[in-house]
Amino acid sequence: MTRTFVVEKLAAKLLKRGGSATVTGTMESERGPSCPVQRGQALLVTRAMRGSLVLIPTYNERRNLPRVVAGLSALEEELDVLVIDDASPDGTGEIAEDLRTICPRVSILHRRVKEGLGPAYLHGFREAFRRGYRRIVTMDADLSHAPEDVPRLLEALEKADVAIGSRHAPGGRVDGWPLARSVLSRAGSLYARMLLRLPVSDVTSGFRAYRTDTLRGVDFDRIAARGFVFQVEVLRRILDLSGTRAQEVPIAFRNRRHGRSKLTSAIIGEAAAEVARLAFRRRTVDQHRDLSSRPTGRFEPRVTVVIPALPHNGQPEALKHLGTLDYPEHKLEVLVARGRSPSRQRNEAVSAASGEYLLFLDEDSRVSPRLLREYLAVFEREPAAGAVGGPVESEPGSGFQDLASLVLGEPWVVGRTASRYRARGVSRFTDERELILCNLCVRREAFEAVEGFNEGLYPNEENEFLERLRLSGWRLVYRPEARVARPQRSGLGDLLGSTHRYGRGRAAQMLCLPSRTSILRAGTTFLAVAGLVAGSLAPFAGSPVLAAPLFLHGLYLMAVALRLSRKGDLKRGLLGALLSALVQASYAAGLIQGLLFRNRRPQAGEVTLEPVRLMTERTRVLLLRGGGDRDG
């Protein structure tokens, strides 16, 4: 008689036994799930330290549980099972006790009352921590999760911190669900993904495998969710840890064979509200998180400065100003990467770099002396920070350059992107809209984790790169004190050409890696363009309603003019409003062009790296005073 048959046969037994609030059962077997031989506690610890524990919360699952345990017992993996029963009135707890008598790998946690899914998993996690398991698997007891998929989840943990059995990933599917339930599942995942900015397609899946070491880093006392949202909150908190990664494993999800679904309209409403509360709490915590610590001067890792340049240009202007940095020159490495593909130039430079941190500048970037200190103060305090950026402010120039700087630094014109061109607010967690590549410091570990820049994108390669960083669990930080100066575009054609290229680059980024930001920006742009086109047709259509978008746009430009003339210079405000309209039109044209026509890939060609020996201002002063020569 096979062990699977024996386990399934126990489904007919409903022995009446009293429950307790303790864990029962042993997991000392050395010879497999059907072996009755029991060893000692030392062997239990030895097996647990190299094994995996499967957590199965149950409530009224007496007909399904034996088949789940039988499927797990048939696997070649060394799996122990912990059944967490919430005082099921149908006798599931008694069935679990019967299973334990013939499967020494099974243990049971009886709970006196029904507390919900979240507390059940918390009990299971803590028990796994206590016993020293390296990996934890969570799955449902209703046969919707196939036991034979467990080895694939555990295999995925070789490269991830959490592996998710996904219904919505390519190759995944749902069998036996009505269309309405499938739509509800996808809508729920999309809702949670958008609000919590999660990088996986199936955020509500309960079929997962975790590295125990990663779970230990989660502060479970801060988790408020008790029901289905518990899984969502655990995933978000795991990905908030430094350098953690989630991987989806496609599965075939099957509708339950026996019993009724526990998902009700009340539970759905409660879950939606809980996700919204979680998103609000997380946003509030980020907004009030103090990131404005001052540089201590004690954290001085090796930093590589990367400057891309054209092949036949002279010495980059940036090199003339790097010597003013307040940083030990023997811990600075400067690489000028010459070529015609900026993304590739930067990737090649990083491959040859020796620094733990990477500072990306442009040829004409002019750094401030405290730039590196400001960046490293954030990295020292925030281990989850993958990239920190600051504003690139324009140097005083002609009247047009000053007007262009005013327009680009105005949030009413360019939104949050204005923070790239003018220091705004305090240090804060952010997204890619506020960071710019010509003044960006990146943790090398994070850069290599996402495999650098996409060499098929230019411009906007930094937006796609930063979005991948964020989706991989790294945090992005805006540091207004970390300022770099650059000359502004010198003419109207130059400025509009750059904004047109930026629009094309945003389109290419959206097609390559869609994000909430890029999709919303593209949608808003299309609506604005459609409204203005409709308004221009109003005289021919004879409908005053169609003229409403033009009227509203005119009011908007008047508001921009007043805002730009805050110091009483109405002429400057009117010219600024006109330039704003041209900048937005140029960006919209580039965006539409990029979505309709494929952008040309940047030229490849050869990349030449030029190491530069830097002499800081302090060394130069010492030499002038007769301090002698010194090695860098």
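Reader: Among contacts in the protein chain between residues at least 6 apart in sequence, what percentage join residues at least 24 apart?

Author: A contact means heavy atoms within 4.5 Å. In the protein chain, 80% of the contacts between residues at least 6 apart in sequence join residues at least 24 apart. Please note that this is a predicted model, in which local features need pLDDT of at least 70 and side-chain atom pairs count only at pLDDT 80 or more, while totals for chains, interfaces and linings use all residues. Residues are numbered from 1 along each chain as its sequence is written, and side-chain values use heavy atoms, with hydrogens and water left out.

Reader: How many helices and strands does the protein chain have?

Author: Helices (H or I, at least four residues) and strands (E, at least two) are DSSP runs, numbered from the N terminus. The protein chain has 23 helices and 21 strands.

Reader: What percentage of the residues of the protein chain count as buried?

Author: Buried means under 20% relative accessible area, exposed means over 50%, and partly exposed lies in between, with a 1.4 Å probe and protein chains only. Of the 632 residues of the protein chain, 50% count as buried. In helix H9 (residues 229-239), 11 of its 11 residues are buried; among them are Phe230, Glu233, Arg236 and Arg237.

Reader: How many residues of helix H14 (residues 399-408) are buried?

Author: Helix H14 has 7 of its 10 residues buried, so it is largely enclosed by the rest of the structure. The buried residues of H14 include Gln401, Leu403 and Ser405. Among the elements that cover them are E16, helix H18 (492-512) and helix H22 (570-596).

Reader: At what angle do H18 and H22 pack?

Author: Axes are lines fitted to C-alpha atoms, for helices over the stretch in contact, and angles run from 0 to 180 degrees between N-to-C directions. Angles under 35 degrees count as roughly parallel, over 145 as roughly antiparallel, 65 to 115 as roughly perpendicular and the rest as oblique. H18 and H22 pack at an angle of about 40°, with their axes 7 Å apart. H18 and H22 are therefore oblique to each other. The contact includes Leu492, Leu495 and Tyr502 of H18, with Leu579, Leu582 and Tyr587 of H22. The contact of H18 with H22 divides into 14 nonpolar, 7 polar and 2 charged residues.

Reader: At what angle do helix H3 (residues 65-73) and helix H4 (residues 92-102) pack?

Author: The angle between H3 and H4 is about 30°, and their axes are 10 Å apart. That makes H3 roughly parallel to H4. Leu65, Pro66 and Val69 of H3 meet Thr92, Ile95, Ala96 and Leu99 of H4. This contact of H3 with H4 has 6 nonpolar residues, 1 polar and no charged.

Reader: How many aromatic pairs does a search of the whole structure find?

Author: Rings of Phe, Tyr and Trp (its six-membered ring) pair if their centres lie within 6.5 Å; planes under 30 degrees apart count as stacked, over 60 as edge-to-face and the rest as tilted. The search of the whole structure finds 14 aromatic pairs. Phenylalanine 125 and tyrosine 210 form an edge-to-face pair, with 5.7 Å centre to centre and 80° between the planes. Phenylalanine 125 is in helix H5 (residues 117-131) and tyrosine 210 in strand E8 (residues 208-211), 85 residues apart. Both phenylalanine 125 and tyrosine 210 are buried. They belong to one aromatic cluster, formed by Tyr121, Phe125, Phe129, Tyr210, Phe220 and Phe230.

Reader: Where is proline 391 found, and is this residue buried or exposed?

Author: Proline 391 is found in the loop between strand E15 (385-389) and strand E16 (392-394). Its relative accessibility is 0%, so proline 391 counts as buried. Proline 391 and tyrosine 478 are 87 residues apart in sequence and 8.5 Å apart in space, C-alpha to C-alpha.

Reader: Which value does phi of alanine 87 have?

Author: Most residues other than glycine have a negative phi. Alanine 87 has a positive phi of about 55° although it is not a glycine. Alanine 87 lies in the loop between strand E3 (79-85) and H4, and at 36% relative accessibility it counts as partly exposed.

Terms used
Ala, Val, Leu, Ile, Met, Phe, Trp, Tyr, Cys and Pro count as nonpolar, Asp, Glu, Lys and Arg as charged, and the others, Gly among them, as polar.
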